[in-house]
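Thanks, everyone, for making the time this morning. I would like to talk through the charged side chains of one model and how they pair.

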Amino acid sequence: MVTSVQRPTRSAPAPRWAGVGTCTLSETDLATAQPQPRRLPYHLLALTTAGHGTVEIDFEPHRCRPGTLLWIRPGQAVRFGVEPGLDATLVSWNRDLLTAAEVAGVPIDDLPGPSNWQLAGEDEDAVITEVAQLGVDCARHSSATGAKDLTAGLLRHQLAVLVLRIALLASGTEAGSISTSESRTFARFRRDLEAGHGRSRRVEDYAAGIGCSVRTLTRASLALTGRTAKQIVDDRVALEARRLLACTDMSVAEIGRRLGFGEPTNFGRFFHREVGLSPGAFRGESGSAMPAEVADDVADIGARIPAQRLTSNEPAAVEPAP
């Protein structure tokens, strides 16, 4: 197993020529002693293979140990807290690589979705098998030579299988009491909000675009999230503000203008109300050191996923956790 003490050889785990790529965390500059939040323009799966640590996704910490699977979507702010012995297999792909037909029913774009699983048993074996085979074939076909179209198709379909397997992990957590109509209304609202949060913070505008009343939109939002439509809008604007403050050098005034605030003071009041800090204070805190402590109930199970299971398609025995 390559560990996180080796010098990174890639500036980021960007997809390769076929739109998909694999590597280890320790091979990238995500594995640094003083990590800073960054936004990646592609999808990234991180399967922890050794050690334990913390990964922040949109400023929410996720504790990782072998078998932890994270999905970082395009545009999300991510920061890996590299602690001794931590390593992960990374799978990245371009956001437009997979078609709706290939991953039917999976919200493959950057809309909110499940992002954290602790794999175990058959689920762990299935995901590790798919990741391992994808890694082997990415290494075998590292350049666009020979039967380029066939190779690209192979890698794309292997990725689709992996994504579908991951989608099945979350399929049992969906609320069964929510009507299909409410789900469709809310899904359309989230798509429109993702595209339009920099132009409008008015629920009326989103309801008009969908063709429903504000009351209907708010009812759907409450059913799906427990928050009103207005709260959902403000949450999304505040999240984008935090991402820009943490991951860019844009001034506070520039960020406010990008998000539709004509005056910096109005943006500052909005941000403080939503986040509890001024924009400047949040920017200062976003680059502070990540917590390094490990929870008392997390054992040191760094050998839980043997290296050969992720580097070869040959069957390997599963090592029990100590």
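**Salt bridges in the model**

Let me begin at Arg273, which is exposed, with a relative accessible area of 55%; exposed here means over 50% relative accessible area, buried means under 20%, and partly exposed is in between, using a 1.4 Å probe and protein chains only. Its partner Glu274 is partly exposed at 29%, and the side chains of Glu274 and Arg273 meet in a salt bridge at 3.0 Å, N to O, the term being used for a side-chain nitrogen of Lys or Arg within 4 Å of a carboxyl oxygen of Asp or Glu.

Before going on, please keep in mind that this is a predicted model, in which local features need pLDDT of at least 70 and side-chain atom pairs count only at pLDDT 80 or more, while totals for chains, interfaces and linings use all residues. Residues are numbered from 1 along each chain as its sequence is written, and side-chain values use heavy atoms, with hydrogens and water left out.

Across the whole structure, the search finds 16 salt bridges. One of them joins the side chains of Asp58 and Arg243, at 2.8 Å from N to O. Asp58 sits in the loop between strand E4 (53–57) and strand E5 (60–64), and Arg243 in helix H6 (residues 229–247), so this pair ties together parts that are 185 residues apart in sequence; helices (H or I, at least four residues) and strands (E, at least two) are DSSP runs, numbered from the N terminus. Asp58 and Arg243 are both buried.
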